[in-house]
Amino acid sequence: MPRATDLRGIRPAAGSQEASRDRPHDASLAGWQTARMIDDLPPGLEARHLAEDDHPRVLAVLDSWWGGLKGEAGSAERALLLPRLYFQHFTSTGFLVERDGGEVAAFLVGFLSQTEPRAAYVHFAGVDPALHGQGVGRALYEAFFALVRSHGRRYVHCITSPENTASQAFHTRLGFTTSAVKPDYDGPGLDRVAFTIDLSSDPVATPRPV
C-alpha cells in the first residue's frame with residue numbers, strides 16, 4: 001500500500017503562496033510550511049504542492065481523464081469546478097503528481113474548512129487513467145489525510161456526481177461512508193453523492209452531513 005513519509009519542511013514550488021517573502025512569520029502558519037510527501041509512487045512520478053502555473057495544465061487533462069463523462073455539459077461543469085483561485089489560495093493543502101518529463105499525472109485540490117474546525121474537504125482529485133490501479137489516488141488521499149490531521153482535523157468530506165460510479169467505488173474502498181443521491185445539491189439538475197470519513201481511531205461523534 002502506498003504510504004507517506006513523516007511530516008517535514010519542503011521548499012515551496014515556484015509561484016506558490018508559500019514562496020512569498022511577505023508571508024507573516026506567525027507560529028500559527030508553521031503547519032502551512034510542511035507537506036506529507038508521498039513515497040512508493042510508481043517509478044518516474046514525483047509529488048509536490050500545487051502552484052498557480054498548474055491551473056491551465058490541470059484543466060487541459062480533465063476531459064480526457066474523465067472520458068467525456070456527461071458530454072459537453074460535463075466538460076463545462078468540470079472546468080467551472082476548478083477556477084484559478086484554488087491554485088492561488090489553497091496551494092498548501094493540494095498536491096500535484098508529475099512524471100519525470102513534467103507531464104501532469106495526478107492532482108488533489110483540498111482545503112481546511114473555515115466553518116467547521118474539525119473538518120477538511122477534498123474539492124477535486126484526478127489520476128491519469130493509465131495509472132489507475134497503481135495506488136496513486138490512494139497515496140494522494142493518505143497524504144491529504146496526514147496533512148489535515150496535523151492541523152487537528154478529524155473529518156474529511158467530498159462529493160461526486162451520481163454518474164461517476166468509479167469515484168463512488170474508490171471512496172468506498174478508502175473507508176468513506178456514502179450518502180444517497182442528493183437531488184439539486186449544487187443547483188437545479190446538479191445531483192450529488194456525498195462522502196465522509198472519520199480519521200480518528202476512536203470515533204466519539206457523528207460528523208455533520210454535507
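User: Which residues of helix α6 are buried?
Analyst: In this predicted model, the buried residues of α6, which spans residues 165-174, are Ser167, Gln168, Phe170, His171 and Leu174. They lie on the same side of α6, because they cover an arc of only 165 degrees around the axis.

User: And what is exposed on the other side of α6?
Analyst: Thr165, Ala166 and Arg173 are exposed there.

User: What covers the buried residues of α6?
Analyst: The cover includes helix α5 (136-149) together with strands β7 (155-160) and β9 (193-198). Just after α6 comes Gly175, with a positive phi of about 105 degrees.

User: Moving to the sheet, what is the strand order?
Analyst: The sheet is open and has seven strands, in the order β3-β4-β5-β6-β7-β9-β8, with mixed pairing. Strands β3 (45-49) and β8 (177-178) stand at the edges and have a single partner strand each, so one side of each is left without a neighbour in the sheet.

User: In which sense do β4 and β5 pair, parallel or antiparallel?
Analyst: Strand β4 (residues 95-99) pairs with strand β5 (residues 104-112) in the antiparallel sense, over four bridges. Within this pairing, Glu98 has Val104 in β5 as its bridge partner. Helix α5 packs on the sheet, where it touches β3, β4, β5, β6 (119-127), β7 and β9. The direction of α5 makes about 25 degrees with that of β5.

User: How many residues are in the largest nonpolar core?
Analyst: That core has 31 residues, and those with the most contacts inside it are Tyr141, Phe144, Phe145, Val156 and Phe176. Two or more residues come from each of β4, β5, β6, α5, β7, α6 and β9. Helix α5 gives the most, with nine residues.

User: What does Tyr141 touch?
Analyst: Leaving aside residues up to four places away in sequence, Tyr141 touches Leu108, Val122, Ala125, Cys158, Phe170, His171, Leu174 and Phe176. There is also a second, separate core of 18 residues, which includes Leu82, Tyr86, Val109 and Ala194.

User: Where is His55, and is it buried or exposed?
Analyst: His55 is in helix α1 (residues 54-59). His55 is buried, with a relative accessible area of 10%. Not counting residues up to four places away in sequence, His55 touches Leu82, Pro83, Arg84 and Phe87.

User: Switching to α3, which of its residues are buried?
Analyst: In helix α3 (residues 71-80), they are Gly74, Glu77 and Arg78. These three share one side of α3, because they cover an arc of only 95 degrees around the axis. The buried residues of α3 pack against α2 (62-65) and β6, while the face turned away from the buried side carries the exposed residues Glu72 and Leu80.

User: How many aromatic pairs are there?
Analyst: The count comes to 11 aromatic pairs. One of them is Trp66 with Phe124, an edge-to-face pair at 5.3 Å centre to centre and 90 degrees between the planes. Trp66 lies in the loop between α2 and α3 and Phe124 in strand β6, so the pair ties together parts that are 58 residues apart in sequence. Phe124 is buried, with a relative accessible area of 8%.

User: What kind of pair do Phe90 and Phe111 form?
Analyst: Phe90 and Phe111 form a tilted pair, at 5.3 Å centre to centre and 50 degrees between the planes. Phe90 is in the loop between α4 (86-89) and β4, and Phe111 is in strand β5, 21 residues apart. Phe90 is partly exposed, with a relative accessible area of 21%.

User: Which residues do ring pairs link into a cluster?
Analyst: Ring pairs link Tyr141, Phe145, Phe170, Phe176 and Phe195 into a cluster.

Conventions:
Residues numbered from 1 in each chain as written. Predicted model: local features only at pLDDT ≥ 70, side-chain atom pairs only at ≥ 80, totals over all residues. Heavy atoms only, no water. Buried < 20%, exposed > 50% of the residue type's maximum accessible area, 1.4 Å probe, protein only. Arc of directions from axis to C-beta. Contact = heavy atoms within 4.5 Å. Pairing = 2+ DSSP bridges. Axes fitted to C-alpha atoms, helices over the stretch in contact; angles between N-to-C directions. Core = buried A, V, L, I, M, F, W, Y, C linked by side-chain atoms within 4.5 Å. Phe/Tyr/Trp six-rings, centres within 6.5 Å; stacked < 30°, edge-to-face > 60°.
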